[in-house]
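This report covers charged side-chain pairs and one piece of strand pairing. The structure is shown first, and the notes follow.

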Amino acid sequence: MAGASSVLEDSSLLSRLDRGLLRLERLFALVSGIFVFGLMVLAVISVTGRNGFNEPLPGYVDWIEAFMPLIAILGVSYVQRSGGHIRMDIVVGRLGGRALWAAEWLTTFAILVLAVALLWGSWSHFLRSFDMGAPLWSRDSSIDIGLPIWPAKLVVPVAFAVLIPRLVLQLWGYGRAFLQGLDRPVAVPLVQSAAEQAAEEAEHLAARD
Amino acid sequence: MDPIEIGLGVTGALLVMVVLGMRVAFAAGLAGLIGLVWIFWDRFDYAPDRFGRALTIAIKTAGQVPHSKVSSQALSLIPTFILIGFLAYYAGLTRALFEAAKRWIAWLPGGLAVSTVFATAGFAAVSGASVATAAVFARIAIPEMLKIGYDKRFAAGVVAAGGTLASLIPPSAILVIYAIIVEQDVGKLLLAGFLPGLFSAIVYALLIVGLALTIKGFGPPVTGFTWRQRFESLPPALPIVAVVVIIICFVYNPFGGDAWGTPTEGGAIGAFIVFCMAVFRGMRWPELKDALLETAKLSIMIFTIIWGVLIYVRFLGFADLPSAFSDWITSLHYPPLLILVCILLAYAVLGMFMDAIGMLLLTLPVVYPAIMALNGGEFVSAEESAFGMSGPMCAVWFGILVVKMAEFCLITPPIGLNCFVVAGVRPDLSVQDVFRGVIPFFVADAVTIALLVAFPAIVLWLPSLA
Amino acid sequence: TEWNVSVWGKRRAFTEHIHKLAELVEEKTNGEFTMNISYGGLSKNTDNLDGISIGAFEMAQFCAGYHPDKNRAITVLELPFMGVNTLAEETAVSHAVYAHPAVAEEMANWNARMLMTSPMPQYNLVGTGEPRDTLESFDGMRVRATGGLGEAFKAVGAVPTSVTSSEAYQAMESGVVDTVAFAQHAHLSFGTINEADWWTANLNPGTVNCPVVVNIDAYDMLSDEEREALESSIPEAIDYYLSNYGELLQRWDSVLEEKGVTKVMVSDAELEKFAEVANPIHTAWIEEMTAQGLPGQELYDLVNSTLEDTRASN
Ligand code: NA
Ligand code: NA
């Protein structure tokens, strides 16, 4: 299984776009991490409120459910950028040169097809819960305290709207590598052997031991 | 075309995409989407002018899944458990645990290796992920074992195997995922993992002691710690105990009386305590930011697989494949136990090539109903069931078996991730070395699984009290 | 014709009318019109209206309180202390409200058409500790109750606490809540009865309303014969549901006895006080709906008049 891998950089337009998008992606990932922390704080408030003051947090479950898309989906593109979504690399791990770039281009293109479809699907899921004419623009609300659900539903198409340019950049990177027969192209995650990958993971931990 | 044929066709396409190296999450999502289009168009008798309609329905159906499946209180345990592990590392709990284990039990034959096993088990009580546990202990425990003359391959094997305990002993992200897929009580499953995890650790320890007694030149026992030194090693490791006790009290109160809250709350309170410790030990915003980013990355990776696979599962629902498979399994004229063993063996083979979480998410929607049907259905009583346990208990038992299989796969070649991680941490060790060192633990794991199958009480005793 | 039907959970008293309907329709059309009932395979329960609107499946069950903003008009049926006492009354008021044009219009936004209700008994409390049978005793009580019910309990000083229905047992065991409001079958299937010391037999604070709807296009595409088979089977399916639930209610007393659960009777005076406290919730509901352009008062009066008519005809 391939985990994280490295992305090379240079001064080309492609690489500059890659880094520009990365800034946004990293921000989204940090939002995700902060909301994980928020989840913890919310539980502490809920438990102390309940046991200490007989004042449980109203709508505790509703709030958690509203947070979850921010935690789980918003950063999907950040993970894609570094090749962090798991896969089986038994086959691609053996490929090299143009064959490798062709395979990467094809599977990335397949992801793009899915991402475009899901952008459409999740947007229509959002639209069904959104109504300009209703109070709080809400046409779908949570079970306990009637929280409008459209903001949480909107997170999903936003995440895909960032994933799509990321995939386009990667297609560009792989396509360029294929046409020019490059060895170490920029702006795409490079396949690492399992050993390289583990070494990097170890290095990461070492940095803070 | 028969929906079941469509189901099989799309499942075949999914396997091809996965083998070709497409990210598992997206391959599953795309397979599910294609399957939905196919199913809906089939219902329109493949009329060309209605393809657009079928496509629209399929895309809108798939587009619901990411938001609606991820917005779940139970799933919120996963990022919390991951955060605990990262915070525990900053809180210095890892080294403290190893030091305490060393001073207390290293006098046994093969003592340092035994200490490593129990220290990993202790760390497992705050860490939800196996790979991270192996990586951390490779840095701390292997050098000490080498210093006193352990075979380097064996030392590496101990750490790789010890790391797998993190997914059985609660908190465990993978047990939560199992509970969600099969819609069973998360608290009961977490509780059920505790004894089998401890049991696995004891089997590992017995194996090491046995090897130390039979093989000449095995690492010597470490003696000479005074009682004072021993007791001094405890306070730094104590927070682990506190966290464990709190999580258990939130799931099921062993002191009698009411439990303190729900498992979700327990996980979060545990994380908060470890967070306070880490701050006390000097963690500041740069480190916290790092921990949060790492937590986000791992959580997003897991959640992407979850929603991707659930798009595929939604398609399976429309194709009715799971019930067809369970009808087929129950119609087989073999003893249920034999079928169960075959399924576990199939997991062992599959796990050689796949990631644990991906493997469970892809297979459980089909395999789990079959196992439940084999036992006699969801509502069967213990007396009338095939495995001698009620429906809900069978769900718990099978969950622990499957997770143990998934853990086993972390140390089997060719893709045993824990072994790669250990080899990565130690430049002087090749992956082949670690795989060779871990071989004895295959035997231990096989024994453990056989015993868990033969004596379900090891799994079911704790949850049956709750 | 083959219809996919999306419901959730496990097969239980709450879904029996759907199975009966499928059976009757298939019989009447000699197997021409069949229904595939899927428990959770086609959609998440809170997304069932979305699935109908997309056209992913043809029939579905949902509960109004899961997402009030999706179905504002029928939330009148979930107001506390409307005075509904029996399942027959619950069926009558539900079907009267479903037939109101405002409801049909709101459902049409989801491309849905009301077919029938899933009558639920009143959500009575099970609780631990000393029985609570006066308004004062509700003060500070942590109760698992959602929507309008939650508000009614809040009005008398209780603290509505959110846990999902599947976590309700654990929440009660762990003292996160002292009491849980459910219908009887849910107290049984979620195990809250096992933890209980007492049950309020006659508090009858209100219930949830869970209709069964069909996709309008699918309904229009039925042949006349099929549509006739469907419509004519509804009363029979509901009757089957009522008699089946009736058996469960008869068993209920023996379940209470077996588990050693005290049956708490709340005095009429206390009930009246409670209903009065809940009155402002009714007024607020009517105002809110009117402000949104829904005939709030009309729907509210329709429930009351139907209730009177039903009682008069018995
Ligand atoms: Na763990
Ligand atoms: Na493996």
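## A buried pair in chain A

Asp18(A) has a relative accessibility of 0% and therefore counts as buried. Arg81(A), at 9% relative accessible area, is buried too. The model is a predicted one, and in it these two residues form a salt bridge whose closest N and O atoms are 2.8 Å apart. Asp18(A) belongs to helix α1 (residues 13-53) of chain A and Arg81(A) to helix α3 (residues 76-81) of chain A, so the bridge ties together parts that lie 63 residues apart in sequence.

The pair is also part of a network of salt bridges, which links Asp18(A) and Arg81(A) with Glu9(A), Glu25(A) and Arg166(A). Over all chains, a search of the whole structure finds 25 salt bridges.

## A pair within one helix of chain B

Which residue forms a salt bridge with Glu99(B)? The partner is Arg103(B), and the closest N and O atoms of the pair are 3.2 Å apart. Both residues sit in helix α5 (residues 93-105) of chain B; they are four residues apart, so about one helical turn separates them.

The two side chains fall into separate accessibility classes. Glu99(B) has 22% relative accessibility and counts as partly exposed, while Arg103(B) has 18% and counts as buried. The cut-off for buried is under 20% relative accessible area.

## A pair within one helix of chain C

In chain C, the side chains of Asp224(C) and Arg227(C) meet in a salt bridge with an N to O distance of 3.6 Å. Helix α10 (residues 224-259) of chain C holds both residues, three residues apart, or about one turn of the helix.

Is Asp224(C) buried or exposed? Asp224(C) is exposed, because its relative accessible area is 63% and the class begins at over 50%. Arg227(C), with a relative accessible area of 22%, is partly exposed.

In general, side chains of opposite charge can pair when their charged atoms come close.

## Parallel strands in chain C

Chain C also contains paired strands. Strand β1 (residues 2-7) of chain C and strand β2 (residues 34-39) of chain C run parallel and are joined by six bridges. Within this pairing, Val5(C) of the chain stands opposite Ile37(C) in β2(C). Between the two strands, the chain passes from β1(C) through helix α1 (residues 16-28) of chain C to β2(C), and this β-α-β crossover is right-handed.

Methods. Residues numbered from 1 in each chain as written. Chains lettered and ligands numbered in written order. Predicted model: local features only at pLDDT ≥ 70, side-chain atom pairs only at ≥ 80, totals over all residues. Heavy atoms only, no water. Salt bridge = Lys/Arg side-chain N within 4 Å of Asp/Glu carboxyl O. Buried < 20%, exposed > 50% of the residue type's maximum accessible area, 1.4 Å probe, protein only. Pairing = 2+ DSSP bridges. Right-handed = clockwise from strand over helix to strand, strands pointing away.
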